[in-house]
Every structure is written in C-alpha cells, then in structure tokens.
Amino acid sequence: MAVPKRKHSKARRDKRRSVVSRLSAPAFSVCDNCNALKVPHRVCGACGYYKGREVIAIKES
C-alpha cells in the first residue's frame, strides 16, 4: 500500500480544495437583433429575442 513520504502543507491542501481555481468567467455572445451582450442559448434580456424571433415582450420604460 502506498504511503506518502512527506506531509502535504496546509497551503497545498487548501489550494486543491479551493473552488476559486475551478471557476471561469461566464461566456457572452452578441444578440443578433440588438447587438447587446447576452448569455449563449438564452433569451436576450434587452430585446426579448431568441434565434431571430420574439419570445418575450419587453416593456418600454
């Protein structure tokens, strides 16, 4: 059975356990209708369009 020869430091242990190293920035794409930034494969929050057709009617404020 394999046994570690040296103890891993607390810093090395905590780096492995941290979630920050696994997170990445969210991807954005440009809306074809209004050219606003939006999350891919989601309805545009600015105009309510998805794949060239209106899905949600956005109220003008």
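Visitor: Which side chain meets Asp-14 in a salt bridge?
Guide: The partner is Arg-13, with 3.0 Å from N to O. Please keep in mind that this is a predicted model.

Visitor: What makes the contact of Asp-14 and Arg-13 a salt bridge?
Guide: The term asks for a side-chain nitrogen of Lys or Arg within 4 Å of a carboxyl oxygen of Asp or Glu. The N to O value here is 3.0 Å, so the pair of Asp-14 and Arg-13 qualifies. The structure holds 1 salt bridge. As a general point, side chains of opposite charge can pair when their charged atoms come close.

Visitor: Why is Asp-14 called partly exposed?
Guide: Its relative accessibility is 39%, and the label covers values between 20% and 50%. Asp-14 therefore counts as partly exposed. Arg-13 has 29% relative accessibility, so it counts as partly exposed too.

Visitor: Which residues gather in the patch of positive charge on the surface?
Guide: They are Arg-12, Lys-15, Arg-16 and Arg-17. Arg-17 is found in helix 1, which spans residues 10-17.

Visitor: Why does Arg-17 count as exposed?
Guide: Exposed means over 50%, and Arg-17 has 55% relative accessibility, so the label applies.

Visitor: Where does His-8 lie, and why does it count as partly exposed?
Guide: His-8 lies in the segment before helix 1. Its relative accessibility is 43%, so His-8 counts as partly exposed. The C-alpha atoms of His-8 and Ser-18 are separated by 15 Å, and these two residues are 10 apart along the chain.

Visitor: How many disulfides does the structure hold?
Guide: There are 0 disulfides. Cys-31 is in none, and the nearest cysteine sulfur, that of Cys-47, is 3.6 Å away. Looking from Cys-47, the nearest cysteine sulfur is that of Cys-31, again at 3.6 Å.

Visitor: Why is Cys-47 in no disulfide?
Guide: A disulfide needs the two sulfur atoms within 2.5 Å.

Visitor: Which residues form the nonpolar patch on the surface?
Guide: Phe-28, Val-30, Leu-37 and Val-39 do, with about 410 Å² of accessible area together. Val-30 has its place in strand 1.

Visitor: What is the phi of Lys-51, and where is its place?
Guide: Phi of Lys-51 is near 55 degrees, a positive value in a residue other than glycine. Its place is in the loop between strand 3 (49-50) and strand 4 (53-54).

Visitor: Is Lys-51 buried or exposed?
Guide: Its relative accessible area is 71%, and exposed means over 50%, so Lys-51 is exposed.

How values were computed:
Residues numbered from 1 in each chain as written. Predicted model: local features only at pLDDT ≥ 70, side-chain atom pairs only at ≥ 80, totals over all residues. Heavy atoms only, no water. Patch = residues over 30% accessible without salt bridge, like charges linked within 9 Å, V, L, I, M, F, W, Y side chains within 5 Å. Areas by Shrake-Rupley, 256 points an atom, 1.4 Å probe, with all protein chains shown as cover. Lys, Arg positive; Asp, Glu negative; His and termini not counted. Charge placed at Lys NZ, Arg CZ, Asp CG, Glu CD. Helix = DSSP H or I, 4+ residues; strand = E, 2+ residues; numbered from the N terminus. Buried < 20%, exposed > 50% of the residue type's maximum accessible area, 1.4 Å probe, protein only.
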